[in-house]
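Hi,

Here is the structure I promised to pass on. Have a look at it first, and my notes follow below.

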Amino acid sequence: MYQWGDYLPKNAPTKYCKMRVWCGAGWASQETMSAYASEKDSIRRRVLNNGMWGPWEWVNPPMQVGVEYRTTERYLRKPVYCKVVDFGTAPNNDTKNVSLSGMNIDEVCDAIFHYSVPRNGENGVMTCHPQFTGLLVSNGVIQIRTNADKTDTNFYVTIKYTKITD
């Protein structure tokens, strides 16, 4: 059992956690943590490179809506972040944009459009549909275009991206 002091490192679990340290050739090479409580079964790690510990990164983030997670993945040698964005309802024969401002996105690596239609219980992952004429994620916006009234369809978009600041 490990307990942080008054200072919690970024992406560190709250107060208590289990920790395992792997050692190689007499020096600590990697730490892996798994936290208790609401983050049960969520694992983070950090690596020692040239005597400096890197930031905590998620192996399997809990994916709460609106929370940004730095992951262990890399895209073009940069760390990959992921976030679930609540898009809200699709538009009525129109285009709707949801801004991604303030996220410092450099490149979008992946996007998954999760949808649900509460009136009939339908849900899944949207890849193409004749009434949805455009599903787009760019560095600054999520956009959905329709050619019919699809205001009964709700969307959450999981995006993976690199940041300008890394």
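Let me start with the largest pocket, whose lining has 4 nonpolar, 2 polar and 5 charged residues. (Ala, Val, Leu, Ile, Met, Phe, Trp, Tyr, Cys and Pro count as nonpolar, Asp, Glu, Lys and Arg as charged, and the others, Gly among them, as polar.) A pocket here is an open set of points on a 1 Å grid over the protein atoms alone where a 1.4 Å probe fits, with protein on both sides within 12 Å along at least five of seven lines; lining residues have an atom within 4 Å of a point. Among the lining residues are Arg 45, Arg 46, Trp 53, Glu 57, Arg 70 and Arg 74. Strand E4 (43–49), strand E5 (52–53) and strand E7 (69–75) each give two or more residues to this lining, and E4 has the largest share, with 4. Strands are DSSP runs of at least two residues, numbered from the N terminus.

A word on the source: this is a predicted model, where local features need pLDDT of at least 70 and side-chain atom pairs count only at pLDDT 80 or more, while totals for chains, interfaces and linings use all residues. Residues are numbered from 1 along each chain as its sequence is written, and side-chain values use heavy atoms, with hydrogens and water left out.

Next, Thr 146 sits in strand E13 (residues 141–146). Thr 146 is buried, at 6% relative accessible area (buried means under 20%, with a 1.4 Å probe and protein chains only). Leaving out residues up to four places away in sequence, Thr 146 touches Asn 92, Asp 94 and Phe 132, among others (contact means heavy atoms within 4.5 Å).

Best wishes

Conventions: Buried < 20%, exposed > 50% of the residue type's maximum accessible area, 1.4 Å probe, protein only.
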